[in-house]
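Me: I would like to go through this model one element at a time, with each answer ending on what was asked. Please show the sequence and structure before we start.

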Amino acid sequence: MIRVAVDAMGGDHAPAEIVKGAVAAVKKSREIQVMLIGQKELVLRELEKYPYPKDQVELVQATEVIETGEPPVNAIRKKKDSSIVVGMNLVKAGEADAFVSAGSSGAILVGGQVIVGRLKGVERPPFGALIPTEKGVSLLLDCGANVDSRPSHLVQFARMGSIYMEHVIGINRPRVGIVNIGAEEEKGNALVKETFPLLKECTDIHFTGSIEAREIPHGGADVIVCEAFTGNVILKLYEGTGAVLVGMIKKGLMSSLRSKVGAVLIKPALKDTLKAFDATQYGGAPMLGLKGLVVKTHGSARAGEICNSVLQCLTFKEQQINEKIKESLDAKEQAQENP
C-alpha cells in the first residue's frame with residue numbers, strides 16, 4: 001500500500017472537507033492507506049460520519065495548527081507538534097510515502113526543504129500545478145515556491161517538469177515553453193533572456209521556445225516554465241476567469257424559458273465540457289525535487305480536490321518520479337564532469 005499522510009487541520013474547510021476527501025480516496029482505491037494528522041477528537045468526530053474501510057485509515061495525533069498568517073520559518077521551528085511538521089517528519093522517516101496539505105503554503109515550502117530535504121543537485125524545488133487546456137493538461141511551474149529564481153533554476157524546472165509529464169501524464173517528449181511577452185527570442189525580461197539560450201542547449205528536453213499567456217489555454221506547451229510570481233498570477237487568473245465564465249454560462253442558461261429548455265438539452269454535453277476545465281479534478285501541486293513527495297492543494301480545497309490529491313500520490317509513487325528526477329540530475333552531473 002501507498003501510505004499518504006494527510007494534514008487534517010490545514011485549509012479553509014478543515015477538518016470536515018479534508019476528512020471527507022480522504023475517506024472518498026480510500027473508497028476508490030484499495031492501494032492507499034491514509035494517515036489523518038490532527039487533533040484526534042476533532043478528526044474522529046468527522047470520521048464517524050462516514051462508513052469507510054477501517055484498515056485503510058489511521059489517526060495520528062498533532063496538537064498544534066500552523067495558521068496561514070504565521071511566519072513560516074518560525075512556525076516550523078516552534079510548532080513541532082503541528083499537523084504539517086508531524087506529517088513532514090513521517091515522510092522523512094519513511095513512515096509515509098507522501099504528505100498532502102491544504103495548509104500554509106509558506107510552511108509547506110519551508111518544511112519541505114528543511115524537514116523532508118532536497119534531492120542532491122536540486123537548487124530550488126518548485127510547485128507544479130496541472131492546468132486544463134484545450135488539448136488536455138499542461139504543467140505550470142513554478143506556481144508558488146520561488147518568486148526570485150535564477151536561469152539555472154528554470155532549467156531544472158523544465159527538466160523535472162518534463163519527467164513528470166512523461167511518466168505521470170504519459171506525454172512522449174513533452175513540449176517545454178518559457179512564459180514570455182512575445183514569441184521572439186530577443187523579447188522578455190533579463191531572466192527570460194538569460195534562460196532562453198540555456199533551454200535551447202538542453203538535449204534532454206523538447207524546448208519549443210517562448211509561450212505567451214494567451215496560448216496557454218490552447219495547450220501551446222505541455223510544460224510551462226516561469227518564476228513563481230508569474231506562475232502564481234497565471235494560475236490565480238486562470239482559476240478566477242474559469243469560475244466567472246462558468247457562473248455567467250449558468251446565469252445565461254437560466255435567463256429565460258427558452259434558454260432553460262435549451263439548458264436541459266445541452267446539459268450532458270455542457271457538464272462534460274465544463275468538467276474538463278475544472279482544475280481541482282487533477283489534484284494538488286507536487287513540490288518537485290524533494291527526497292519525498294509533498295503535495296500542496298488550494299487553501300479553499302473541498303473534498304473532491306483532497307480526494308484527487310491523495311489518488312495523485314499513488315501515480316507519483318508507482319512511476320517513481322523522484323527516482324527518475326534523481327537519475328536525470330546524476331546523469332547531468334556526470335556529463336559535466338566528463339565532457
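Strands, helices and rings

Me: Which residue in β11 stands opposite Pro286?

Reply: Pro286 has its opposite residue in β11, and strands (E, at least two residues), like helices (H or I, at least four), are DSSP runs numbered from the N terminus. Strand β11 (residues 293–296) runs antiparallel to β10, and two bridges join them. The residue standing opposite Pro286 in β11 is Val295.

Me: What pLDDT do local features need?

Reply: Residues are numbered from 1 along each chain as its sequence is written, and side-chain values use heavy atoms, with hydrogens and water left out. This is a predicted model, in which totals for chains, interfaces and linings use all residues, side-chain atom pairs count only at pLDDT 80 or more, and local features need pLDDT of at least 70.

Me: Which are the edge strands of the six-stranded sheet?

Reply: The six strands form an open sheet of mixed pairing, in the order β3-β2-β1-β4-β11-β10, where two strands pair if DSSP finds at least two bridges between them. Helix α1 (residues 16–28) lies across β1 (2–7), β2 (32–38) and β3, running at about 165 degrees to β2. The strands that pair on one side only are β3 (57–61) and β10 (285–286).

Me: Why is one side of β5 and of β8 left without a neighbour in the sheet?

Reply: The five strands of this open sheet follow the order β5-β6-β9-β7-β8, with mixed pairing. Because β5 (129–133) and β8 stand at the edges, one side of each is left without a neighbour in the sheet, and each has a single partner strand.

Me: Which residue in β9 stands opposite Leu139?

Reply: Strand β6 (residues 136–141) and strand β9 (residues 223–225) run parallel and are joined by three bridges. Helix α8 (residues 228–253) lies across β5, β6 and β7 (175–179), running at about 45 degrees to β5. In β9, the residue opposite Leu139 is Val223.

Me: Why is the pair of Tyr164 and Phe316 tilted?

Reply: A search of the whole structure finds two aromatic pairs, with rings of Phe, Tyr and Trp (its six-membered ring) pairing if their centres lie within 6.5 Å, and planes under 30 degrees apart counting as stacked, over 60 as edge-to-face and the rest as tilted. This pair links Tyr164 in helix α6 (residues 151–169) to Phe316 in helix α10 (residues 303–318), 152 residues apart. The ring centres are 6.1 Å apart, and the pair is tilted because the planes stand at 50 degrees.

Me: What is the angle between the planes of Phe196 and Phe207?

Reply: Phe196 belongs to helix α7 (residues 190–201) and Phe207 to strand β8 (residues 206–211). Both Phe196 and Phe207 are buried, that is, under 20% relative accessible area, with exposed over 50% and partly exposed in between (1.4 Å probe, protein chains only). The pair is edge-to-face, at 5.1 Å centre to centre, with an angle between the planes of 75 degrees.

Me: Why does Gln320 count as partly exposed?

Reply: Gln320 is found in the loop between α10 and α11 (321–337). Its C-alpha atom is separated by 35 Å from that of Ile181, 139 residues apart along the chain. Gln320 counts as partly exposed because its relative accessibility is 43%.

Key
Contact means heavy atoms within 4.5 Å. Axes are lines fitted to C-alpha atoms, for helices over the stretch in contact, and angles run from 0 to 180 degrees between N-to-C directions.
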